[in-house]
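Work through the following exercises with the structure open. Each task is followed by a solution in steps.

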Amino acid sequence: MSSCSHYDTRETKGAPSTENVKIMRNRYLSEPMKVDVEYMQLYTKAHKTSDGLNSFERRAHCHAYALENLTPVIREGELFSGNKTRFVRGAIPYANYATNYILRTLNKEEQETQAKFTEIGTGGGIEKSQKIASEGKHEVFGKKFLVSHEEKVILKEIAEYWSGKCMQDVADRFWKNTFDKAEYIEKGWKAGLYTAPHDPAPEGRYVLDFETALAEGFDNIIKKTKRLIKQTEVTDYESAEKVYFWKAGHRTLEATIKWAHNYSEEALRLAKTEKNDKRKNELLKIAEMCKYVPAKSPRNFHEAMQAFWLIYLAGHIEGAHLGYSPGRFDRYMYPFYIRDIENGTTTNAKVLELLEALRVKMTEIEYMASFSWEGLGSGNLYQNMILGGLDENGHRADNELSQLVLQSAINCQTTQPTLSIWYDDSLSNKFLLKAIECVKTGVGFPAFFNLKIYIQHELQKSKLPLSLIRKYAAMGGCTEPTMEGMSYGVVQAGFINHAKVLELALNGGLDPQTELTFEKSEIPQNYDELVKSYKFHLRNSIKNWQRYWNYVMAAHRDTCNLIYSSMLVRDCLDRGKSLDDKGAVVNGSPTTLSSGMVNVVNSLASVKKLVRDDKKLSMDELRKALAENWERKEDLHKEAMDAPKWGNNDDYADAIYEELFDSYCGYVSEQLNYLGEPYDPSMLAISTHAPFGKVCGATPDGRYAGETLADGVTSPFYGTDKNGPLAVLHSAGKIDHTKIRGGLHNMKFLPSTLKGIQGSKKLISLIKTYFDTLGFQLQFNVVDSAMLKDAQENPDQYRDLIVRVAGFSAFFVELGKSIQNEIINRTEQNL
Amino acid sequence: MQDKAPSTFIFDIEDFATQDGPGIRTVIFFKGCSLRCRWCSNPESQKNFPEILHSESLCKKCGTCIEVCPYEAVTFNENKALSFNRDFCLICKDKPCVTACNNDAIRIAGKKLDVDELFDKVNVNSQYFSNSGGGITLSGGEPLLHPDFVRAFINKCTQFGLSVGLETCGYFKWDQVKDFIENFDFIFFDIKCLDEKLSKKYTGQSNRIILQNLEKLATAVDTSKIIISVALIPGITATEKNLSSLILLCKEMNISSVRLLPYHTLGKGKYAELGREYLMDDGVKITDGEVREIQKCLESNSITCIIEGL
């Protein structure tokens with residue numbers, strides 16, 4: 001995930017290519033974030049009057065009724081329409097998923113314990129919300145959203161209605177009373193072993209089958225659904241469920257067409273009074289398009305954009321999504337593009353304008369969740385558009401449209417969608433250079449993913465044919481691959497804090513910070529016992545976490561099953577089964593995410609060196625030093641810091657990572673998910689490394705109590721990589737990335753390091769070589785002056801930033817202030 | 001019995017260097033240089049032996065280093081700051097002051113490595129080199145002050161197909177290097193002041209040997225391998241007169257590439273760490289515009305320019 005709050009550009013600087021996009025982007029930048037109750041109000045109304053319907057039908061009916069009755073909003077500058085809420089930056093309060101946090105927020109009660117150690121940003125739109133609230137018509141909901149006084153009353157009614165009925169409450173009633181490890185889970189939250197429950201936004205991490213939806217049009221899918229209903233006689237529970245599902249699915253597709261028609265009518269209405277001829281024509285075009293799609297297959301690229309957006313957005317509205325993604329956009333949209341280009345009915349400039357507009361539309365979607373989740377996810381929706389890759393025959397799949405998508409991100413800098421590239425050696429040089437050009441704007445993407453690794457992973461996991469994996473490999477969420485249009489949405493339990501697991505291991509199952517005891521174990525007296533104890537606690541924490549989540553997923557099926565999305569994920573329709581009933585082709589997707597492994601590796605390396613090899617001290621003495629946060633133990637602390645560390649291409653530490661990594665993957669896969677498939681391990685950190693660090697005491701690697709953990713999956717702990725960026729990559733390349741789904745490696749560079757076309761080529765070589773050594777992911781921050789100023793203020797977060805000038809090299813944060821200022825000035829000038 | 005592999009002092013090895021020749025390179029910094037250019041950004045490169053660097057900003061003045069120094073080379077001065085008497089410091093093998101310092105305020109520049117050890121350290125990146133058309137760049141200090149070491153090292157690299165480039169200040173003994181100098185894939189040859197008097201004033205040495213070496217080099221190797229490196233120091237090297245002489249020199253030698261290195265003060269802090277004074281005037285600056293002017297002027301004389309820097 002990349003944060004891109006800095007819009008200063010570096011070597012490449014773009015601007016929206018047309019007035020329309022400029023209007024849209026400026027509007028987005030000037031608007032505050034708002035709660036919009038409309039969808040939930042309509043949904044709740046439908047729910048109140050649909051007692052007695054089958055659970056599929058009821059869920060479909062509520063969503064469909066709400067969708068059909070949403071106010072269609074078309075804003076100035078928009079060339080295709082469809083908005084999630086009535087506000088530019090609106091969020092839907094999905095009380096049907098979780099209502100507790102809404103009620104608590106409304107009552108200004110204390111949030112969950114974890115809110116205490118989670119921070120959210122305060123800049124940009126958040127600041128604006130607080131300012132507007134002070135003017136009187138709105139108040140702040142949570143930390144960053146505005147809600148009007150009238151809507152607040154409605155929100156409260158809604159939230160109260162869902163109390164006891166929402167997924168979270170249904171699940172809580174279930175697992176808290178029946179799951180034998182319920183107490184462990186609750187302790188885990190208190191101690192920060194786990195992130196807060198993820199109920200407010202549990203899903204996403206999948207991609208709809210846009211290819212089929214666009215090629216067939218909803219009318220044909222509906223026809224097929226009707227035929228299936230007719231052909232199926234209800235003889236048992238299973239056949240009855242099928243018919244219920246089809247009926248429900250049918251309802252959602254019809255509603256989506258109706259919703260599109262509402263936009264068509266709104267566009268006509270606006271066109272009638274529009275004085276500007278150009279705008280009038282644009283509105284008439286929208287009216288025509290929304291009448292035609294998504295019911296029918298689009299006739300041109302513009303219509304395909306309108307269709308894609310409505311199909312995508314309807315799914316986004318149905319669920320409380322994080323990581324819900326557009327997938328291989330440059331593949332399934334290409335036929336529409338090339339047809340128009342070849343028959344001369346569109347130009348690249350027109351296509352570019354639409355692509356830039358799409359960036360604004362995707363960025364406008366906001367999500368709200370409990371405070372701690374907003375903090376953990378940094379408010380990011382993780383909509384990931386992945387480009388390049390291979391076709392089914394193994395040939396490179398990048399095309400002219402892929403390059404235009406990159407150009408649109410250069411021109412229209414917004415946070416969403418985040419772009420990724422499936423890297424293969426055969427990708428065209430032109431495309432890769434364009435990708436690096438985008439990296440150089442400083443937005444932090446595209447990120448590069450090694451397709452070869454994912455293919456190997458998927459061949460082992462799902463055993464799908466190679467050609468299928470090549471063609472549909474996509475990204476669902478920030479760094480987790482998924483099979484486009486055929487996978488169960490990765491509903492994740494949340495994150496496990498490895499550093500906390502280590503604390504439990506060191507102290508026989510006791511968390512020294514909260515004094516809660518988890519599973520009891522022997523207090524380790526030497527290195528080997530510590531490793532053993534760590535593995536014991538790791539296994540327990542994973543197992544309990546995954547089992548707990550299956551209870552929640554059972555509640556999910558009954559309350560929030562995705563009906564519309566199921567209709568657009570293969571093979572739900574054919575099988576007559578929803579996503580939660582194993583209708584998808586790939587069902588093993590849920591992942592267990594973890595963060596802090598690097599600190600554990602460094603800690604074990606430190607114990608191995610100081611306790612086992614050098615016999616400097618006993619485990620008890622070490623425990624004492626940790627409990628006292630290294631106080632008056634400066635010498636020992638230095639020795640701990642000097643012990644081998646991950647990220648230096650030193651097997652002493654790296655071999656420990658390999659061992660723990662293998663154990664982690666093994667433990668995750670031992671457990672089955674709600675659909676009976678093995679959990680698929682993943683590792684990423686998003687913003688968990690800060691709150692997870694905050695709840696942990698000092699660790700044997702020399703980290704002080706409360707200090708932030710290492711970022712990402714394979715990134716070294718701040719300032720402990722002493723041998724340069726390639727050494728870090730050598731370390732990272734040692735782990736077998738084919739075992740996990742997802743991984744992240746962040747590198748920071750000054751613009752001068754990558755200057756010019758030569759610099760771009762060097763970066764491409766770096767990616768290629770790292771991927772040759774079986775690395776999985778790379779993303780780059782090309783720093784700008786704003787970031788460097790931030791580095792002056794927060795040196796700890798920039799310990800790895802190297803200043804490299806011909807013949808000179810130093811860590812930025814170690815340079816004197818005046819010299820840092822010189823670099824900042826030079827970066828602004830950018831020769 | 002085989003001769004022991006030659007060894008020498010190296011003070012830094014940088015991977016993923018992107019401004020020191022083609023492709024992704026690892027740069028090796030040798031210790032020892034006969035020049036004392038005032039603007040040098042690596043003052044720790046100049047002496048031919050390990051040196052102690054002490055960072056005032058990291059130092060918490062705890063005095064632990066004073067206690068552990070066997071030669072009383074560290075003391076508190078009248079301003080309660082630490083003072084290193086480098087005449088007494090013998091750079092102990094076990095580095096007691098470095099080990100004792102809990103704040104990473106003391107470090108030693110210069111580690112003795114033999115050819116094989118050095119080769120192993122850089123060879124790990126060979127895939128990055130071959131994929132990017134990169135390799136190793138010898139820098140410093142003056143690598144050619146260690147001819148036996150460099151000869152053995154470059155032989156080893158050639159055996160394994162690694163490309164080696166050189167950054168030289170031009171001040172070395174030609175006879176010691178003439179047998180292997182053509183093995184470098186490229187040579188960045190520093191030219192500072194073409195006026196002998198100015199050269200003496202600002203680099204501490206006459207430029208006679210440097211210019212003689214350049215001439216010999218231009219006859220001994222293909223001149224397309226030679227790139228003249230010019231640190232652009234306002235009022236010293238970046239003057240009209242100096243640059244006109246440079247253009248003439250390039251023409252005479254049939255050299256058509258120049259690398260421009262705009263002046264920066266990034267190395268300033270290291271002078272203080274070494275207990276030395278930074279002799280450049282404050283406020284010396286070169287603007288982008290001036291650099292571009294110089295580039296234009298050189299290019300109008302059919303000289304290709306590379307600009308490196310921030």
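**Exercise 1.** In this predicted model, find which residues of α2(A) meet α3(A), and describe how the helices cross.

Solution. Start with the contacts: from α2(A) come A:Y39, A:L42, A:Y43, A:A46 and A:H47, and they meet A:H61, A:C62, A:H63, A:Y65, A:A66 and A:N69 of α3(A). Sorted by class, this contact holds 7 nonpolar and 4 polar residues, with no charged residues.

Next, take the axes. Those of α2 (residues 38-48) and α3 (residues 55-69) of chain A come within 8 Å and cross at roughly 135 degrees. Angles over 145 degrees would count as roughly antiparallel and 65 to 115 as roughly perpendicular, so α2(A) is oblique to α3(A). Their crossing is right-handed.

**Exercise 2.** Describe how the two domains of chain B touch.

Solution. First set the bounds: domain 1 of chain B covers 7-48 + 111-307, and domain 2 covers 51-109. Their centres, taken over C-alpha atoms, are separated by 32 Å. Each domain of chain B gives 8 residues to the contact. On the domain 1 side, helix α10 (residues 268-273) of chain B supplies the largest share, 3 residues. By class, that side has 3 nonpolar, 1 polar and 4 charged residues.

Definitions and conventions: Residues numbered from 1 in each chain as written. Chains lettered and ligands numbered in written order. Predicted model: local features only at pLDDT ≥ 70, side-chain atom pairs only at ≥ 80, totals over all residues. Axes fitted to C-alpha atoms, helices over the stretch in contact; angles between N-to-C directions. Helix = DSSP H or I, 4+ residues; strand = E, 2+ residues; numbered from the N terminus. Parallel < 35°, antiparallel > 145°, perpendicular 65-115°, else oblique. Left-handed = near helix turned anticlockwise from the far one by under 90°. Contact = placed C-beta atoms within 7 Å. Nonpolar A, V, L, I, M, F, W, Y, C, P; charged D, E, K, R; others polar. Domains from an automatic or database assignment.
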